[in-house]
Every structure is written in C-alpha cells, then in structure tokens.
Amino acid sequence: MASLVGALRAILGERTRRRPVLVWYDPGGSLSSVVAGAVPERVQLLPFEGSYLALRHRFEEEDPRLEKSWLIYVPEPRPRPSWLRDLELAGDLLELGLDGLVSEAFGLALTPRLRALLGGRPGRALAARWEELVPPVPTTTDVERALVAAALDLGADARLKEIAIEYVYRPDA
C-alpha cells in the first residue's frame, strides 16, 4: 500500500494533469506538514498565507497567461463565496483533508468522531508522523492508536499501559 505522501501525490498528480490549476482546500489544515513533499514534479506550489488578495497577486504576477501547472493550497475551509472562484472554474477544485485522504487512499470506513479528530489538531500531528506511526496497510484501529501516540508524542510501539501512564502523569495532558 502507498504511504500517506505517496497516496496524496497520486491524487494531486491525477488532478493536476487534467487542468492547469488545482485549488485545494484542506479544511482543518491537517495535511499542511506533508504538502510540499506531495507536489507532483511539474507543478508549482502556491500556498495560501493568510490573504487571498496576496495569493492572487503572486499568482497573476508569476503566470499571467496560465502557462504553468499550479497547485494552490489553502489550509482552511473553502469560503462561500470563494475568492478564488475564477481559478476554480478555470482549473479544478479539491476539498480534501486527512480524513478524506485516509478514507479514499486506504479504504477505511471512519466514524464521525474519528473524522473530526483527523480533521483537526490531532490529525495535523498524525500526518506529520504518519510514516513512523502507521503501518503500510492500516486498519481503523491502527489509525486510532497512531492518533493517540502522535498526540502524546509517543512512538509507534507504545502500549496501552504506557499511553495511560503518559496521559495521567503528563502535566499538560
């Protein structure tokens, strides 16, 4: 089975082959730590840094004739109405966080609670350490255990007893 970055790169590669621009919204920013490593080779990454106007200015200054292939990464939910609607129409739109990627790439059925955890801060911690904490062919239980290990900054081999002790005695838990 593919790694998390490999699975993401395959999805992004397919989507960027079809159109010159892919506007990708990652609602919880859960994949922000792995984006740079997942960008297909021929694609320019343009990350959102807090201002849609600044992003549009950088894009239009860099490629006014739309001659390159672009991935515009926005680590937050898609606004309604969208500041990037024209680019979404000229290209493609993707709304995908860690929860959707795990479900799609690894074929896992996720509970609403697990989806919520993967979409927020715990998901960001897990995505950053996915290759270390999650086996190549994960189950839902593997993902849940890895979430706990990532949240408590433990290793992949942490056992339930160690996890409980770490949680109970950790001052910031």
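Let's start at valine 23, which sits in strand β1. Helices and strands here are DSSP runs numbered from the N terminus, where a helix is H or I with at least four residues and a strand is E with at least two. This is a predicted model, where local features need pLDDT of at least 70 and side-chain atom pairs count only at pLDDT 80 or more, while totals for chains, interfaces and linings use all residues. Residues are numbered from 1 along each chain as its sequence is written, and side-chain values use heavy atoms, with hydrogens and water left out.

Is valine 23 buried or exposed? With a relative accessible area of 0%, valine 23 is buried. (Buried means under 20% relative accessible area, exposed means over 50%, and partly exposed is in between, using a 1.4 Å probe and protein chains only.) Leaving out residues up to four places away in sequence, valine 23 touches Ile72, Leu84, Leu87, Glu88, Asp92, Leu93 and Leu94; contact means heavy atoms within 4.5 Å. Arginine 9, on the other hand, is 14 residues from valine 23 in sequence and 15 Å away in space, C-alpha to C-alpha.

Now zoom out. The protein has ten helices and four strands, and from the N terminus on they run α-β-α-β-α-β-α-β-α-α-α-α-α-α. Along its principal axes, the C-alpha trace spans about 60 × 35 × 25 Å. Of the 173 residues, 43% are buried. If you take the contacts with a separation of 6 or more, 71% of them are between residues 24 or more positions apart.

Move on to aspartate 26, in the loop between β1 (21-25) and α2 (35-38). Aspartate 26 is buried but has no salt bridge. A salt bridge here is a side-chain nitrogen of Lys or Arg within 4 Å of a carboxyl oxygen of Asp or Glu. Which side chain of opposite charge is nearest to aspartate 26? That would be arginine 124, 7.6 Å away. (Lys and Arg count as positive, Asp and Glu as negative; His and the chain ends are not counted.) Apart from neighbours within four places in sequence, the residues in contact with aspartate 26 include Leu31, Tyr73, Pro75 and Leu98.

Take glutamate 14 and arginine 17, whose closest N and O atoms are 3.5 Å apart. They are separated by about one helical turn, because they are three residues apart in helix α1 (residues 4-18). Glutamate 14 is partly exposed at 39% relative accessibility, and arginine 17 is exposed at 55%. Another pair is arginine 58 and glutamate 49, with 3.8 Å between the closest N and O atoms. Here arginine 58 is partly exposed at 29% and glutamate 49 is exposed at 63%.

Arginine 129 and aspartate 153 also meet in a salt bridge, at 3.4 Å from N to O. This pair links distant parts of the chain, 24 residues apart: arginine 129 is in the loop between α7 and α8 (130-133), and aspartate 153 is in the loop between α9 and α10 (160-169). Arginine 129 is buried at 16% relative accessible area, whereas aspartate 153 is exposed at 56%. Salt bridges with shared partners also join Arg56, Glu60 and Asp86 into one network.

Most residues other than glycine have a negative phi, and most peptide bonds are trans. Leucine 66, though not a glycine, has a positive phi of about 55°. You'll find leucine 66 in the loop between α3 (52-62) and β3, partly exposed at 29% relative accessibility. Arginine 80 and proline 81 are joined by a cis peptide bond, with omega about -5°; proline 81 is in the loop between β3 (69-74) and α4 (85-90).

Last stop: the largest pocket, with about 370 Å³ of space. On a 1 Å grid over the protein atoms alone, a pocket is an open set of points where a 1.4 Å probe fits, with protein on both sides within 12 Å along at least five of seven lines; lining residues have an atom within 4 Å of a point. The volume is the space filled by probe spheres set on the points, which are joined across faces, edges and corners. Which helix gives the most to the lining? It's α9, with four residues. Helices α6 (112-119), α7 (121-128) and α9 (140-151) each supply at least two. Among the lining residues are Thr111, Arg113, Leu117, Pro122 and Val148. By class, the lining has eight nonpolar, one polar and three charged residues, where Ala, Val, Leu, Ile, Met, Phe, Trp, Tyr, Cys and Pro count as nonpolar, Asp, Glu, Lys and Arg as charged, and the others, Gly among them, as polar.
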